[in-house]
Amino acid sequence: MASGPALGHALGVIPLDEARSYVLDRVDRLPAVQVSVAEAAGLVLAEPIVAQELVPPFANTAMDGFAVIAADTDSAPVTLEVAGTVAAGAPATRPLGPGQAMRIMTGAPMPEGADAVVMVERTSYDADNALVDVEISVGEGNHVREAGEDVRPGDELFGAGTVLAAGHLGVLASVGIGSVCAYRRPIVGVVSTGDELVDDGRPLKPGEIRDSNRRTLLTMLDESGMEPVDLGIARDNEADIAEAFTEGAARCDAILSSGGVSMGAFDYVKVVLDRLGDMRWMQIAIKPAKPFAFGLIGTTPVFGLPGNPVSSMVSYELFARPALRKMAGHTLFDRPVRRAISEDPIGRHDDGKTHYIRVTGGPDETGRWHVRKLTGQGSHQLTAMARASALAVVPDQVEIAAGDEVEIIGLGTVVS
């Protein structure tokens, strides 16, 4: 149903924090599911994982060398009888006796009776007469990895809320865990709206433009760890728009659309979404990305992003990405904010808005970030956004001169 102006602010702008809170308060974490470890990278654990096995499962050597009885090397240099060879995956067939050594390869099980390893570089091996000269004395446990040294049954490996990365998945594989209980990736549909949009590569007719927003948003979703679904272009008629959003609400956990959210302009998107769901049409005190819509079709969140490409990307970063991360079980919703030195004057804005300036740069030899303002700051100028490594956050009435500190939000994986 139609709900009127956003958050009771009539037609005025609303603060960024208020708009974000409104969105985040209305999205819920998705149910936890059982997921194979092979598909779990980037997911958030819903339950702790407890080990049922030893890691390592048996005592083994950390070096190529000779397994020995440490006491036999007390008077080194000494000569020991070579009683055999132990390879990884092939345990010794007999125990090691006093005065003996066994050639052993990295990762191979320690022979019964052996309690130390002498690295091969500190030995001289005569294959003909099966003797080895040991140059140094070693203590018990030298270069030996004991059973359960890393993990023991009953150990909690990772707690609920852990975001699974490569190392976590390697540990799970090492203890034989094939699946985990985690929050699944949100399935997010992306739809563009407008008769002027073209995406088939043909020459443009007068008044047409190529649809860049859909490709951009689908990629941003993928980079954010979501599961994107292309819902295509909905033409400017109620039937097409209603079909796109109805299909998206049925197939997806959330929908992103771009275009048709500016206040005061008649648009079929508004008409349809107000009929299908409970929407809020907002004007937010930021630039770019001032217009924004959010609501629910049934239980499916709908994010109405601006049509200008830079505005669409900034709106995604500030509103959609945090909400989708909440749905995916994360507790940290936003990218880190850090301080940087601005090499250029960014200026002062007295318009009541926080400005997000596209900048590029990186750390110096001390790790301190320095950034420069990119040319092409219009909300339609996507090239500058593509070249940006961060957004500089400039509050209303704050002047940033060359050499001043400025807060930056990293884009993509550049500053994450």
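Reply: Arg20 and Asp334 are joined by a salt bridge, their closest N and O atoms being 2.7 Å apart; the term denotes a side-chain nitrogen of Lys or Arg within 4 Å of a carboxyl oxygen of Asp or Glu. This pair links distant parts of the chain, 314 residues apart: Arg20 belongs to helix α1 (residues 16–24), and Asp334 to the loop between α6 (309–327) and β23 (337–342). Helices (H or I, at least four residues) and strands (E, at least two) are DSSP runs, numbered from the N terminus. The model is predicted: local features need pLDDT of at least 70 and side-chain atom pairs count only at pLDDT 80 or more, while totals for chains, interfaces and linings use all residues. Residues are numbered from 1 along each chain as its sequence is written, and side-chain values use heavy atoms, with hydrogens and water left out.

Buried means under 20% relative accessible area, exposed over 50%, and partly exposed in between (1.4 Å probe, protein chains only). Arg20 counts as buried because its relative accessibility is 16%, whereas Asp334, with a relative accessible area of 39%, is partly exposed.

The structure holds 17 salt bridges. Another one of them joins Arg251 to Glu247, with the closest N and O atoms 2.8 Å apart. Both of these residues lie in helix α4, 4 residues apart, about one turn of the helix. Arg251, at 45% relative accessibility, counts as partly exposed, and Glu247, at 35%, also counts as partly exposed.
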